[in-house]
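Keep the structure open as you read.

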Amino acid sequence: MSVIAQNVTMDIVFIQGLKIDCVIGIYDWERKIRQDITLDIEMGFDIFPASETDHIDQTLDYKAVSKRLIEFVKNSEFQLVETLAQRICEIILNEFNVEQVKLTLNKGKAVTGAQGVGVIINRRKNG
């Protein structure tokens, strides 16, 4: 048993720079092509049990999260990045027992002169 007290703030498991191609956009030309989006995800999850047992079943499997999101995004055809971002957060919260999530969805160079555009959203489980 560890003598180190568990931190009272939420631990963060993150996925950074997850690039996925999809159909996204409101313009006719965007509906005919696939564009890369990049996700940065911070997921609030208590990692203390895993640190005590050193077992994957006690933590958030970021590979499983990544695989699920890649499958979902590749098959999506939303018009707005806002809708896609919301659906991604719903998957993370509902399917992976995550308490809170911060998602940055970057659509890349969709605006001339900008390195990236998109949304940053924070969602928390109800209750």
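In this predicted model, helix H2 (residues 62-74) and helix H3 (residues 81-95) have axes that come within 11 Å and cross at roughly 145 degrees. Their crossing is right-handed. From H2, Val-65, Arg-68, Leu-69, Phe-72 and Val-73 take part. They meet Leu-84, Arg-87, Ile-88, Ile-91, Ile-92 and Glu-95 of H3. By type, the residues of this contact are eight nonpolar, three charged and no polar.

Now turn to the strands. Strands of a sheet pair through backbone hydrogen bonds, either parallel or antiparallel. Here, four strands form an open sheet in the order S1-S2-S3-S4, and the pairing is antiparallel. Strand S1 (12-22) and strand S4 (118-124) are the edges. Each has a single partner strand, so one side of each has no neighbour in the sheet. On average, neighbouring strands are turned by 15 degrees against each other, direction ignored.

Nine bridges join S1 to strand S2 (residues 35-44), and the two run antiparallel. In one of these pairs, Ile-12 has Gly-44 in S2 as its bridge partner.

Both helices pack on this sheet. H2 touches S1 and S2, and its direction makes about 25 degrees with that of S1. H3 touches S1, S2, strand S3 (100-106) and S4. The direction of H3 makes about 145 degrees with that of S3.

Last, the largest pocket. Its volume is about 250 Å³. The lining has 17 residues, with Tyr-27, Glu-30, Lys-107, Ala-110 and Val-117 nearest the centre. Eight lining residues are nonpolar, five polar and four charged.

Note on methods
Residues are numbered from 1 along each chain as its sequence is written. This is a predicted model: local features need pLDDT of at least 70, side-chain atom pairs count only at pLDDT 80 or more; totals for chains, interfaces and linings use all residues. Side-chain values use heavy atoms; hydrogens and water are left out. On a 1 Å grid over the protein atoms alone, a cavity is a set of points where a 1.4 Å probe fits but cannot get out, and a pocket is an open set with protein on both sides within 12 Å along at least five of seven lines; lining residues have an atom within 4 Å of a point. Grid points are joined across faces, edges and corners, and a volume is the space filled by probe spheres set on the points. Ala, Val, Leu, Ile, Met, Phe, Trp, Tyr, Cys and Pro count as nonpolar, Asp, Glu, Lys and Arg as charged, and the others, Gly among them, as polar. Axes are lines fitted to C-alpha atoms, for helices over the stretch in contact, and angles run from 0 to 180 degrees between N-to-C directions. A crossing is left-handed if the near helix is turned anticlockwise from the far one by less than a right angle, and right-handed if clockwise. Contact means heavy atoms within 4.5 Å. Two strands pair if DSSP finds at least two bridges between them.
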